[in-house]
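Please read this short report alongside the sequence and the model.

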Amino acid sequence: MSATPYPPIEDVLPHAGRMVLLTRIVGHTERRTVCIAEIPAMSIFADADGGVPAWAAVEYMAQCIAAHGGLRARAKGDAVPLGFLLGSRSIALHTARFTPGQRLEVEAAHVWGEHDFFSFACVIRDGASGATLVEGTLAVARASSADALVQPADRLAGHARRSDG
């Protein structure tokens, strides 16, 4: 296996543990990022049959956008910023679910926004056939205060943070 020019996905996302849904980054430019998501047999979104409902695609797409932002921040020497999903429009589900072992190609392409609010056109394709499974546009916001920047040891792990007070 050849070395990838991209860092491990965990290094560019403000998530940790089971909340990291993407497997790796396979493409990145200033305006677009492509990631792979391999559906595990024990996904946190798995239904009774082990499949993952297609609506979970919104989180795969949001994490690809976060990876895009994390890669851009790292290129500038900045910490990985927190971001927030504001909404979506025109989400089209061309499948009902994803199956364990399925490899998804998740692409996020910047549409507009330059400061703290952005829109990305996203598509998820089946890694084997290339068929489009989900597509849509997500609106996101980047946290802009310094205390919202995430260091690797402080990533969100899918559980509530404890306060010291």
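Helices (H or I, at least four residues) and strands (E, at least two) are DSSP runs, numbered from the N terminus.

The model is predicted: local features need pLDDT of at least 70, side-chain atom pairs count only at pLDDT 80 or more, and totals for chains, interfaces and linings use all residues. Residues are numbered from 1 along each chain as its sequence is written, and side-chain values use heavy atoms, with hydrogens and water left out.

Of the 165 residues in the protein, 40% are buried (under 20% relative accessible area; exposed is over 50% and partly exposed lies in between, with a 1.4 Å probe and protein chains only). The protein exposes about 9,000 Å², and carbon and sulfur atoms supply 54% of that area (Shrake-Rupley method, 1.4 Å probe). Among contacts (heavy atoms within 4.5 Å) with a separation of 6 or more, 66% join residues 24 or more positions apart.

A nonpolar core is a set of buried Ala, Val, Leu, Ile, Met, Phe, Trp, Tyr and Cys residues joined through side-chain atoms within 4.5 Å. The largest one has 33 residues, and Ile9, Leu22, Tyr60, Phe98, Leu104, Val106 and Ile124 touch the most other members. Two or more residues each come from strand E2 (32-38), H1, strand E7 (103-112), E8 and E9. H1 supplies the largest share of this core, eight residues. Leaving aside neighbours within four places in sequence, Leu104 has contacts that include Cys35, Phe98, Ile124 and Leu133.

A pocket is an open set of points on a 1 Å grid over the protein atoms alone, where a 1.4 Å probe fits, with protein on both sides within 12 Å along at least five of seven lines; lining residues have an atom within 4 Å of a point. The largest pocket holds about 700 Å³ of space, the volume being that filled by probe spheres set on the points. Its lining has 30 residues, with Gly69, Pro81, Leu82, Gly83 and Arg142 nearest the centre. H1 gives the most to this lining, 10 residues. The classes are tabulated here, with Gly counted as polar.

| Class in the pocket lining | Number |
|---|---|
| Nonpolar | 16 residues |
| Polar | eight residues |

Most residues other than glycine have a negative phi. Ser90, in strand E5, has a positive phi of about 50 degrees. Ser90 is exposed, with a relative accessible area of 55%.
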